[in-house]
Amino acid sequence: MVGLGPVAGGNAAVEAQEALDVLLEQERALRYDRFGSHEALLLGETMVGLSDAFGETCVIEIVREPDRQPVFLWVPDDKGERNLRFASGKRAACLACGHSSQWMQASELMRGHSLDGLWAKAPELIAGCGAFPVRVGERLVATVSVSGLHDGGDHELIIQGLERELGLNVLRYSMRLT
């Protein structure tokens, strides 16, 4: 439920592996039978409604990946270009690894990379919470990106939105990794 990073007194590699397993299970479970512009609108509106509970505002972007077209964009009055760049960088990480941007973060931490190293290519590529692949079966059809929440809230908002739209509940990892 929070970003991944070194754990004081813990085994970061073991905890990162546990997080990877849960993140992969989320991706496996949260799939659509059909996903088009209408489903993107419904998911985006659901996420905007759920975002109030986080106590912060955030940018939400859903991009249809076959033609790279934005099909939903929410930019609150207090957010702008900076958050749009971060959302884009998280999307780039998601596309680069084929999994959520948080999965990329956990995977890189397991390989011994530091958080500073993971942010070295920011904002063009951000391995951190906030982008998630939308699949129909095995096919990647869209990405959902969020920027503006803290402590893993970007990823959690996406998961809550997908759960609500798909009528599912998925696992969360419970260890605090930052």
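Helices (H or I, at least four residues) and strands (E, at least two) are DSSP runs, numbered from the N terminus. With those labels in hand, let's take a walk through this predicted model.

**Two loop residues with a positive phi**

Most residues other than glycine have a negative phi. Against that background, two residues are worth a look. Asp 151 has a positive phi of about 55° although it is not a glycine. You will find Asp 151 in the loop between strand S4 (139-147) and H6. Arg 68, also not a glycine, has a positive phi of about 55°, and its place is the loop that runs between strand S1 (59-64) and strand S2 (69-74).

Are these two residues buried or exposed? Exposed means over 50% relative accessible area. Arg 68 has 65% relative accessibility, so it counts as exposed. Asp 151 has a relative accessible area of 53% and is therefore exposed as well.

| Residue | Phi | Relative accessible area |
|---|---|---|
| Arg 68 | about 55° | 65% |
| Asp 151 | about 55° | 53% |

**How H2 meets H6**

The loop holding Asp 151 leads us to H6. Two packed helices are described by the angle between their axes and the distance between the axes. For helix H2 (residues 37-51) and helix H6 (residues 153-166), the angle is about 125° and the axes are 9 Å apart. H2 and H6 are therefore oblique to each other, and H2 passes H6 in a right-handed crossing.

Which residues make the contact? From H2 come Leu 42, Leu 43, Thr 46, Met 47, Leu 50 and Ser 51. H6 contributes Leu 157, Ile 158, Gln 160, Gly 161, Leu 162, Arg 164 and Glu 165. Sorted by class, the contact of H2 with H6 has seven nonpolar, four polar and two charged residues.

**Cysteines without a disulfide**

A disulfide is a covalent bond between the sulfur atoms of two cysteines. How many disulfides does the structure hold? The structure holds zero. Cys 58 is in no disulfide, and the nearest cysteine sulfur, in Cys 129, is 13 Å away. The cut-off for a disulfide is a pair of cysteine sulfur atoms within 2.5 Å.

Buried means under 20% relative accessible area. Cys 58, at 2% relative accessibility, therefore counts as buried. Cys 129 has a relative accessible area of 11%, so it is buried too.

Terms used
Residues are numbered from 1 along each chain as its sequence is written. This is a predicted model: local features need pLDDT of at least 70, side-chain atom pairs count only at pLDDT 80 or more; totals for chains, interfaces and linings use all residues. Side-chain values use heavy atoms; hydrogens and water are left out. Axes are lines fitted to C-alpha atoms, for helices over the stretch in contact, and angles run from 0 to 180 degrees between N-to-C directions. Angles under 35 degrees count as roughly parallel, over 145 as roughly antiparallel, 65 to 115 as roughly perpendicular and the rest as oblique. A crossing is left-handed if the near helix is turned anticlockwise from the far one by less than a right angle, and right-handed if clockwise. Contact means heavy atoms within 4.5 Å. Ala, Val, Leu, Ile, Met, Phe, Trp, Tyr, Cys and Pro count as nonpolar, Asp, Glu, Lys and Arg as charged, and the others, Gly among them, as polar. Buried means under 20% relative accessible area, exposed over 50%, partly exposed in between (1.4 Å probe, protein chains only).
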